[in-house]
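Dear colleague,

Please find below the structure that I am handing over to you.

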Amino acid sequence: MKTALVLGAGLVAGPLVRDLLDQPDIRVVVADVEADRAGKLVAGHPRGRAEVLDIADRAALGAAIGRADVVVSMVPFTFHPVVAELAIERGRPVVTASYVSPAMRELDARAREKGVLLLNELGLDPGIDHMEAMRIIHEVHDAGGSVSAFTSWCGGLPAPEANTNPFGYKFSWSPRGVLLASKNSARYLKDGRIVTIPSEALFARPEVIPVPGLGAFEGYPNRDSVPYRDIYGIPEARTVLRGTLRHPGWCETIPRMVEIGLLDDAPKDRPGATFLDLTRELAQAGPGADVRSAVAARLGLEPGAAVLSRFDWLGLFEARPLPEPRGSALDNLASLMIERLRYEPGERDMIVLQHEFLVRTGSGASERIVSTLIDYGVPHGDSSMSRTVGLPAAIGARLVLEGKIPLVGVQVPVHPAIYGPILEELDRRGIRFEEKRQAL
């Protein structure tokens, strides 16, 4: 019987662990720094075991890895290279749902030398997005066609009936990660030209993205899309853009938070301070000044601006003690947002992932292909985010244990041996794309 070690028992680990426990020939060890979290996921299953593990303890981490046949790393992305390095030393394959970082990429040669697979980006975005893109790209190429443009938009959002706050957003995963992603710069390819968007302009000109049946969303570019022309094997493409979807209002609010300093991650001691004090400090307002007016002046906003109303609704003008008086502005903002922008019991989240391809067929005709995934969470059950992140990683780990992925080194799911069986199984579980083709 093979053993899968799952590192991390966070928000998206539940479906992953349960899927692996459903396999009669796999033992599952869930290791987390918090014993209760790991124990809840294992839930007394006869083939499951919960362990307390601090991933900063290299000796303990290495020993745990050595006892497993595959490691599924669901810890914060900065720790994946540490896990991978120890796994290479012990000849153990690793699966993650995170982007390949430069530190992970540097391990490629060592992993290949030891014959170890480091399979990354096996979640939703990145993950399922790659898989569906490659399925269609390979289909087009195999039929003698070419891809002239590829755009992809993905968002994890509240379902329409749960979209009940002025931010149009609720957290189904780490708020800190969501907020920090808003400070990234972006690059993409547009009509053969590389477009670079600095972080301060990331939300300046969001595109309007219509999704049939759901209405219009805001879309902004996500990280660096340019390498995907090579990763996806479409050197003929003149446009390559991967972006993030949000409900309207997000793109005018988050950059204002960045501008005033709410996403500053430098710790600062603020004993006895309130959110009103923090906002006053960031707005550089005097002791007797009206803080809301000071924020408006600092950001160049009209007094009735929707952004200020969102700040007010969130509680940034309330004389309420900071939850982390020795933390950063970002720490306190994240704590506030996870409280106010949370899913209530029974509410559903929603995943929207839409690819658009402009292709020239083998016969020379022009065609638009749109492939859309819309998936909803289960009331009082798993969120869509946890299913669409956790299940691809679980299926990938099973394929590794079964010896069905004949690859080594640092990999992402662009190979048919990876994406084919994962997409097929997701489809059987109701996570499927709807494809539409239109002649141009």
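A cavity is here a set of grid points where a 1.4 Å probe fits but cannot get out. The model is a predicted one, and a search of the whole structure finds 1 cavity of 30 Å³ or more.

The space in this largest cavity amounts to about 30 Å³. Its lining consists of Asp125, Asp129, Ser152, Trp153, Cys154, Asn222, Arg242, Gly243 and Leu353. By class, these lining residues divide into 3 nonpolar, 3 polar and 3 charged. Strands E7 and E12 each contribute at least two residues to the lining, and the largest share, 3 residues, comes from E7.

At least two lining residues are supplied by each of the strands E7 (146-158), E8 (186-190), E10 (207-211), E11 (215-221), E12 (239-246) and E13 (349-360).

I turn next to an open sheet of 7 strands, which follow the order E3-E2-E1-E4-E5-E6-E15 and pair in parallel. Strand E3 (48-52) and strand E15 (409-411) form the edges; each has a single partner strand, so one side of each is left without a neighbour in the sheet. On average, neighbouring strands are turned by 20° against each other, direction ignored. Within the sheet, strand E1 (residues 2-7) runs parallel to strand E2 (residues 26-32), and 6 bridges join the two. Lysine 2 stands opposite isoleucine 26 in E2. Helix H15 (residues 384-401) packs on the sheet, where it touches E1, E2, E4 (70-73), E5 (94-96) and E6 (117-119). The direction of H15 makes about 165° with that of E4.

Finally, there is a helix pair to report. Helix H10 (residues 250-260) packs against helix H12 (residues 291-299) at an angle of about 95°, and their axes are 11 Å apart. Because angles of 65 to 115 degrees count as roughly perpendicular, H10 and H12 are described as roughly perpendicular to each other. Arg256, Glu259 and Ile260 of H10 make the contact with Val295, Arg298 and Leu299 of H12. By class, this contact has 3 nonpolar, no polar and 3 charged residues.

With kind regards

Technical notes:
Residues numbered from 1 in each chain as written. Predicted model: local features only at pLDDT ≥ 70, side-chain atom pairs only at ≥ 80, totals over all residues. Heavy atoms only, no water. Axes fitted to C-alpha atoms, helices over the stretch in contact; angles between N-to-C directions. Helix = DSSP H or I, 4+ residues; strand = E, 2+ residues; numbered from the N terminus. Parallel < 35°, antiparallel > 145°, perpendicular 65-115°, else oblique. Contact = heavy atoms within 4.5 Å. Nonpolar A, V, L, I, M, F, W, Y, C, P; charged D, E, K, R; others polar. Pairing = 2+ DSSP bridges. 1 Å grid on protein atoms, 1.4 Å probe; cavity = no way out; pocket = protein on both sides within 12 Å on 5 of 7 lines; lining within 4 Å. Points joined across faces, edges and corners; volume = space filled by probe spheres on them.
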